[in-house]
Amino acid sequence: MLYDTIIIMKVQKILTPIEKTEHDGISFTLIRKNVKNINLRITHNGDVHISAPYKTDINIIYDFVSRKKQWILLNSNKLSAEKGFFMYLGKELPKDILKGESIERFYKQKAQEILNQRYNKMCDALSVFPKPALNIKPMKGKYGYYTKTENTVYLNSRLILVPIECIDYVIVHELMHTIYFNHGKEFHKALKAAVPKEKELRNILAKYVLW
């Protein structure tokens with residue numbers, strides 16, 4: 001009887017393998033089962049579950065995650081909002097602390113305050129003088145950019161959602177363009193020297209929906 005039980009357990013493990021993994025900044029639970037298509041759902045607590053046919057190549061699943069990334073992030077953020085929370089500097093805060101103030105007004109005020117503060121700090125840390133002008137505004141598809149003709153750094157105001165170290169990384173990235181006007185080897189070498197954790201910070205940034 002004990003032998004039969006062990007056999008059943010082994011078969012069950014083969015038929016319903018579950019694996020926690022991550023791709024393109026998205027952490028998810030992968031469940032291989034008897035289904036025809038790859039399916040995606042977000043649980044009540046924000047966890048991402050993906051089910052796929054047994055023999056689906058992992059790279060096909062990763063491609064699926066990349067294509068659904070913005071949807072996953074957007075709906076995870078909506079779920080947090082529905083539970084009475086909002087994102088600020090990489091943390092979920094209760095809406096109660098707003099005391100009736102709108103989230104967008106809070107974001108706008110804090111973006112001006114925090115991004116200006118971090119910009120000045122990064123300019124000082126990198127000995128950038130004179131400092132390029134700073135323009136903070138909502139953007140689609142960009143964290144920020146630098147224009148040589150205007151000598152101005154533009155930052156996405158929605159960066160107020162991400163952790164401080166990610167904000168600093170974006171600022172340093174744009175300040176590097178005051179010296180290096182493309183993403184060549186010298187640019188990446190200088191950026192890596194200034195921000196050793198750049199790859200890790202890029203992955204963290206990718207988890208937030210800013211546009």
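**Questions on a predicted fold**

Colleague: Which residues does Asn37 touch, not counting residues up to four places away in sequence?

Modeller: A word on the source: this is a predicted model, where local features need pLDDT of at least 70, side-chain atom pairs count only at pLDDT 80 or more, and totals for chains, interfaces and linings use all residues. Residues are numbered from 1 along each chain as its sequence is written, and side-chain values use heavy atoms, with hydrogens and water left out. Asn37 sits in the loop between S2 and S3, helices (H or I, at least four residues) and strands (E, at least two) being DSSP runs numbered from the N terminus. With contact meaning heavy atoms within 4.5 Å, Asn37 touches Ser51, Ala52 and Pro53.

Colleague: And how many Å separate the C-alpha atoms of Asn37 and Ser102?

Modeller: Along the chain, Asn37 and Ser102 are 65 residues apart.

Colleague: Let's turn to H3. What span should its 14 residues have?

Modeller: The expected span of a helix is 1.5 Å times one less than its number of residues. H3 covers residues 69–82, and its end C-alpha atoms are 20 Å apart.

Colleague: Where do the buried residues of H3 lie, and within what arc?

Modeller: Counting as buried what has under 20% relative accessible area, as exposed over 50% and as partly exposed in between (1.4 Å probe, protein chains only), H3 buries Lys69, Ile72, Leu73, Ser76, Leu79 and Ser80. They line one face of the helix, because, taking directions from the helix axis to the C-beta atoms, they fall within an arc of 125 degrees.

Colleague: Which elements do those residues pack against?

Modeller: One partner of the buried residues of H3 is a helix, H2 (58–67). The others are strands S2 (26–33), S3 (39–42), S4 (48–53), S5 (85–88) and S6 (91–94).

Colleague: Are Asn59 and Arg67 of H2 buried or exposed?

Modeller: In H2, Ile61, Phe64 and Val65 are buried. These fall within an arc of 100 degrees seen down the axis, so they line one face of H2. They pack against strand S1 (18–23), S2, S3, S4 and H3. On the other side of H2, Asn59 and Arg67 are exposed.

Colleague: How many aromatic pairs are there?

Modeller: Rings of Phe, Tyr and Trp (its six-membered ring) pair if their centres lie within 6.5 Å; planes under 30 degrees apart count as stacked, over 60 as edge-to-face and the rest as tilted. By this rule the count is five.

Colleague: What kind of pair do Phe86 and Tyr107 form?

Modeller: Phe86 is in strand S5 and Tyr107 in helix H4 (residues 103–125), 21 residues apart, so the pair links distant parts of the chain. Both Phe86 and Tyr107 are buried. Their ring centres lie 6.2 Å apart with 65 degrees between the planes, and the pair is edge-to-face.

Colleague: At what angle do H5 and H6 pack?

Modeller: Helix H5 (residues 164–176) brings Tyr169, Val172, His173 and Met176 to meet Phe187, Ala190, Leu191 and Ala194 of H6. Axes here are lines fitted to C-alpha atoms, for helices over the stretch in contact, and angles run from 0 to 180 degrees between N-to-C directions. The axes of H5 and H6 (residues 185–194) are 10 Å apart, and the angle is about 145 degrees.

Colleague: How many of the 13 residues of H5 are buried?

Modeller: The buried residues of H5 pack against H4, strand S8 (144–147), strand S9 (152–156), H6 and helix H7 (198–205). H5 is largely enclosed by the rest of the structure, because its buried residues number 11.

Colleague: Which residues does a cis peptide bond join?

Modeller: Most residues other than glycine have a negative phi, and most peptide bonds are trans. Pro130, in the loop between H4 and strand S7 (133–137), takes part in a cis bond with omega of about -5 degrees. That bond joins Phe129 and Pro130.

Colleague: What is the relative accessibility of Lys99?

Modeller: Lys99 lies in the loop between S6 and H4. Lys99 is not a glycine, yet has a positive phi of about 50 degrees. Lys99 counts as exposed, because its relative accessibility is 78%.
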